[in-house]
Amino acid sequence: MTFGEQPAYLRVASDLREKIVKGALPPHTRLPSQARIREEYGVSDTVALEARKVLMAEGLVEGRSGSGTYVRARPVPRRIARSGYRPGSGSSPFRQEQSAEGVRGTWESRSEQEEAGPEIAARLGIEPGERVMRTRYVFRDAGEPMMLSTSWEPLAVTGRTPVMLPEEGPLGGCGVVDRMAAIDIVVDNVTEEVGARPGLADELGDLGGVPGHVVMVIARTYYAGGQAVETADVVVPADRYRVAYHLPVR
């Protein structure tokens, strides 16, 4: 094989990737050995090894101790609906959206107070070091982890009120809009910014991913009269889910 300006290991990885995508190397098939790659493509052991590393980082193959490297079964992506708040339901947006999609969604959470770091303080429009309530969630679909979320609420807004803990009290689990309304704060706007990055080790551990997997990160902030009352990072495994938005035309 003649290689152009692109590094040889990327050309080898590209050819192997194409075989995986087109089914010439189906799921659970053993990837050609390092020696076989070296001979077939006329490259060095170093190039063959780096090409395999690229495919592993992309989540296309996985190593099995004492056995070799195998093509991973690629999951069929499922949808996570994002349709915003619908009033009068008495439940959180997650519960509303997953119910609409026919998903049996459950979640677990843990809340604790902390000082806001510079990034979260900027998103909430408060000073770094001010106290916030941080709540971490793991959302599941029929028991399988599907989404993580970490939210922050300024205690200057919710402190010493019945809704200080998002998942406890009379409005526990009802979502930001209903909880804020209970303390006479009217949420009138929400923004979401979607990005992607490699998953962190603890995130992939919770989501059942492997190192190198990409996650989508939705940075969401609720506002009342221009003041942020909650901000959150929602983390979704990009290989298993697609985020679908339902946006009404006004």
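**Close-up 1. The surroundings of tryptophan 152 in this predicted model.** Leaving aside residues up to four places away in sequence, tryptophan 152 touches Glu114, Ile120, Leu124, Val132, Met133, Arg134, Val229, Glu230, Thr231, Ala232 and Asp233. Is tryptophan 152 buried or exposed? Its relative accessibility is 9%, and buried means under 20%, so tryptophan 152 counts as buried.

**Close-up 2. A polar contact between tryptophan 152 and glutamate 114.** Here the side chains of the two residues are joined by a polar contact of 3.0 Å. Glu114 is also listed among the residues that tryptophan 152 touches.

**Close-up 3. Tryptophan 152 and threonine 221, in sequence and in space.** Counting along the sequence, 69 residues separate tryptophan 152 from threonine 221. In space, their C-alpha atoms are 9.5 Å apart.

**Close-up 4. The largest nonpolar core.** Welcome to another part of the model. This core has 17 residues, and Val12, Leu16, Leu55 and Val61 have the most contacts inside it. At least two core residues come from each of α1 (8–22), α2 (34–41) and α3 (45–57). Which helix gives the most to this core? That is α3, with 5 residues.

**Close-up 5. Leucine 55 and its contacts.** With residues up to four places away in sequence set aside, leucine 55 touches Ala13, Leu16, Arg17, Leu31, Leu60 and Val61.

**Close-up 6. A second, separate core.** This one is made up of 10 residues, including Ile80, Tyr137, Met147 and Val236.

Technical notes
Residues numbered from 1 in each chain as written. Predicted model: local features only at pLDDT ≥ 70, side-chain atom pairs only at ≥ 80, totals over all residues. Heavy atoms only, no water. Buried < 20%, exposed > 50% of the residue type's maximum accessible area, 1.4 Å probe, protein only. Contact = heavy atoms within 4.5 Å. Polar contact = N/O pair within 3.5 Å; in protein donor to acceptor, adjacent residues only side chain to side chain. Core = buried A, V, L, I, M, F, W, Y, C linked by side-chain atoms within 4.5 Å. Helix = DSSP H or I, 4+ residues; strand = E, 2+ residues; numbered from the N terminus.
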